[in-house]
Amino acid sequence: MHVCLLIFPMTLNVNEIRKDFPILERETHNGARVVYLDSTATSQKPVQVIEAMNDYYRRSNANIHRGVHTLAEEATSLYEGARERIAKFINAASPREVIYTRNTTESINLVAYSWARANLKAGDLVILTEMEHHSNLVPWHMLQAERGIELDFIPVTENGLLDLDAYKALLNRTPKLVSFTHMSNVLGTINPAAEIIKLAHAAGAMTLVDGAQSVPHLSVDVQALDADFYAFSAHKMCGPTGIGVLYGKSALLEAMPPFLGGGDMIKEVKLRSFRPNTLPHKFEAGTPAIAEAVGFGAAVDYLTKVGMKDIAAHEHEITEYALERLEEIPGVRLFGPSADKKGGVAAFTLEGVHPHDVAQILDEGGVAVRAGHHCAQPLHEKFGIPATSRASFYLYSTKEEVDLLVKGLYKVKEMFG
Ligand code: C6P
């Protein structure tokens, strides 16, 4: 079956945008046009990113910060140039505050290993939330086992919001760190990050924001938020896998011990000692993901050109439509708040059908959704379910794709009686 997608112009010129994403043209195993509703797991990549990486390997490939030859200088300048544009994209005060990591997970682990192990002792409280991804839970479980820190959690309400009164009560226990997701990968909830940070600071706590889902979809200004640390991944924002960022205020990063040791993160090495490098290199040991940094730079150029405000408006329109259409289907239970409080994520269950079966049958029609606990097991437990199916949207998503999702769900219902 070949599905022809009729695309109406919305806030963005989605017809034009889709031409940048060659993968959206392909068909699945049974000839259906791919309907990619899994951008929360990883986004698709525009030709501008693919070509930037391709060009890098064809023209400029060399190791960085190590050579004086033309290719080495060019590679270094591309790698550092991308950092400058990424810093601008999140409005960091300086590129020195942008540390390249492998992904959001590694960024959070960097804070847990370096800042937290230098600053937290037994009994110190770290506040997390019940809607965290495992990458903002497990590093803290590990530190709890090692150090005896205490963990407590801002509860999630029935409609998928953080309970801010409960948060204020937790702050009376003088936490050392508040670490929370800016946008939930399951509920889609956009948390009031500026308010959470302001309250944390007033209580004397540091803040770490998991921005894996927010930086790709919203205009994020780390200085306006006053975040101490902010983590995100390139692959969810049109960039390649294998690279992410830890933003940190420079005074904090300066004071932190290095995370990994090796080449490039040092100023000087003796047989029995070393002096760490300056920022940001202090935290970038070994040969980094150079082509990926180039691709990351191209991704922020691309998103900037399209416009983050327009992307957010478009996703809002698609999400509102998707929630409306999904709600009409008997047996569908949606999770998370209304469209005005969330990003482009619709997690749901269909009565009597396992979420994996839902995803499998949708795939027969080319519709790609994710099923499972989405690395947020405690959140699913909170709602008394082991798993959900999840459709998620990005700048290239269309209402017609939502219609195909809905059509697919009716087919699932038919098959399961
Ligand atoms: N969520 C999802 O399908 P990494 O894997 O390090 O790039 O990102 C981890 C991560 C951290 N926080 C949030 C809120 C996330 O959504 C993710 C990644 C994907 O929901 C893959 S599990």
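1. Start with the salt bridge: glutamate 130 pairs with lysine 382, and their closest N and O atoms are 2.9 Å apart. The term here means a side-chain nitrogen of Lys or Arg within 4 Å of a carboxyl oxygen of Asp or Glu. Between domain 1 and domain 2 the count is one salt bridge.

2. A word on the source before going on. This is a predicted model, where local features need pLDDT of at least 70 and side-chain atom pairs count only at pLDDT 80 or more, while totals for chains, interfaces and linings use all residues. Residues are numbered from 1 along each chain as its sequence is written, and side-chain values use heavy atoms, with hydrogens and water left out.

3. Domain 1 puts 42 residues into the contact and domain 2 puts in 38, with contact meaning heavy atoms within 4.5 Å.

4. How much area is buried between domain 1 and domain 2? About 3,100 Å², with carbon and sulfur atoms giving 58% of it. (Buried area is the accessible area, 1.4 Å probe, that two parts lose on being put together, summed over both.) Pro46, Met308 and Leu379 supply 19% of what domain 1 buries against domain 2, more than any other three residues.

5. Polar contacts also cross this interface: 25 residue pairs, both residues at pLDDT 80 or more. The rule asks for a pair of N or O atoms within 3.5 Å; within protein, one must be able to donate a hydrogen and the other to accept it, and residues adjacent in sequence count only if both atoms are side-chain atoms. On the side of domain 1 that touches domain 2, the elements giving two or more residues are α11 (308-327), β11 (332-335), β12 (345-350), α13 (377-382) and β15 (388-392). Helices (H or I, at least four residues) and strands (E, at least two) are DSSP runs, numbered from the N terminus.

6. On to the ligand. It is surrounded by 18 residues, the closest being Thr105, Asp210, Gln213, Ser233 and Arg370; the cut-off is a heavy atom within 4 Å. A polar side-chain atom of aspartate 210 sits 2.5 Å from a ligand nitrogen.

7. Last, a backbone detail to look at. Leucine 279 and proline 280 are joined by a cis peptide bond, omega about 0 degrees, and proline 280 is in the loop between β10 (273-276) and α10 (290-306).
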